[in-house]
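I wanted to go through this chain with a set of geometric criteria in hand and write down what each search returned. These are my notes, in the order in which I looked things up.

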Amino acid sequence: MASDRKTFVFSEVSKHDTVDDCWLIIAGKVYDVTTFMDDHPGGQEPLLAVVCKDATKDFEVLGHSDEAKEMMKKYCIGDVDQSTVPLDHTTNPTIDYSYRAEGRGLGSSGKLLQFLVPFVIVGLAFIIKIYTKQTSA
């Protein structure tokens with residue numbers, strides 16, 4: 001039985017590298033995730049970070065759930081001709097690998113705020129306490 005799946009060359013896939021037109025290569029398959037960009041639990045950044053390369057290792061490192069893997073099927077648009085994919089398949093060091101499919105990654109500024117906000121609140125409470133003592137005296 002002949003396959004109806006289209007086979008893409010890497011150069012064609014790599015042209016789709018924006019928020020408005022995003023294709024990924026994972027495990028030899030090509031996925032058009034453009035309509036999924038806003039729904040991705042980790043935001044758009046992890047998807048955009050792996051365009052123009054084979055994202056298989058990045059996808060596996062993140063430990064996606066079986067549900068996420070099942071969901072991918074609806075975005076699959078074909079296969080990639082593996083002979084056209086560059087041999088450099090190293091993981092992208094710019095990705096925050098603490099992200100997991102079950103929760104949204106905060107990024108470095110979000111983590112800093114998460115750390116600083118309690119200190120700011122305590123500091124403000126301390127200042128208010130001192131100010132109220134001075135005005136009542």
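The entries below cover the sheet, the aromatic pairs, the salt bridges and a surface patch.

**Entry 1: the model and its conventions**

I am working with a predicted model, in which local features need pLDDT of at least 70 and side-chain atom pairs count only at pLDDT 80 or more, while totals for chains, interfaces and linings use all residues. I number residues from 1 along each chain as its sequence is written, and side-chain values use heavy atoms, with hydrogens and water left out.

**Entry 2: the sheet**

I took helices (H or I, at least four residues) and strands (E, at least two) as DSSP runs numbered from the N terminus, and I let two strands pair if DSSP finds at least two bridges between them. In what order do the strands of the open sheet lie? I found 5 strands in the order β1-β5-β4-β3-β2, with mixed pairing, and the edge strands, each of which pairs on one side only, are β1 and β2 (17–18).

β1 and β5 are parallel, with 3 bridges, and phenylalanine 8 has valine 80 of β5 as its bridge partner. β4 and β5 run antiparallel and are joined by 3 bridges; here I noted tyrosine 31 opposite cysteine 76 of β5.

Between β3 and β4 I counted 4 bridges in an antiparallel arrangement, with tryptophan 23 opposite aspartate 32 of β4. These two strands form a hairpin with 2 residues between them, and alanine 27 in the turn has a positive phi of about 55°.

β2 and β3 are likewise antiparallel, joined by 2 bridges, and they form a hairpin with 2 residues between them; aspartate 17 stands opposite cysteine 22 of β3.

**Entry 3: aromatic pairs**

A pair of aromatic rings is described by the distance of the centres and the angle of the planes. My criterion joins rings of Phe, Tyr and Trp (its six-membered ring) whose centres lie within 6.5 Å, and calls planes under 30 degrees apart stacked, over 60 edge-to-face and the rest tilted. How many aromatic pairs does a search of the whole structure find? The search returned 2 aromatic pairs.

Phenylalanine 36 belongs to the loop between β4 (29–32) and α2 (45–48), and tyrosine 75 to the loop between α4 (66–72) and β5 (76–80), 39 residues apart. I found phenylalanine 36 and tyrosine 75 buried as well.

**Entry 4: salt bridges**

Side chains of opposite charge can pair when their charged atoms come close. I required a side-chain nitrogen of Lys or Arg within 4 Å of a carboxyl oxygen of Asp or Glu, and the structure holds 5 salt bridges.

Among them is the one between aspartate 79 and arginine 5, at 3.3 Å from N to O. Aspartate 79 lies in strand β5 and arginine 5 in the segment before β1, so this contact ties together parts 74 residues apart in sequence. Aspartate 79 is buried at 18% relative accessibility, whereas arginine 5 is partly exposed at 39%. I also saw that Arg5, Lys29 and Asp79 are linked in a network of salt bridges.

Lysine 53 and aspartate 58 meet at 3.1 Å, N to O, and both residues are buried. Glutamate 70 and lysine 73 also meet at 3.1 Å, N to O; glutamate 70 is partly exposed at 48% and lysine 73 is exposed at 56%.

**Entry 5: a nonpolar surface patch**

For patches I used residues with over 30% relative accessible area and no salt bridge, joining like charges within 9 Å and nonpolar side chains (Val, Leu, Ile, Met, Phe, Trp, Tyr) within 5 Å. Accessible areas come from the Shrake-Rupley method with a 1.4 Å probe, and for residues only the protein chains shown count as cover.

Which residues form the nonpolar patch on the surface? I listed Leu116, Phe119, Val120, Leu124, Phe126, Ile127, Ile128 and Ile130, with about 780 Å² of accessible area together. Phenylalanine 119 is in helix α5 (residues 107–136) and counts as exposed at 54% relative accessibility.

How values were computed:
Buried < 20%, exposed > 50% of the residue type's maximum accessible area, 1.4 Å probe, protein only.
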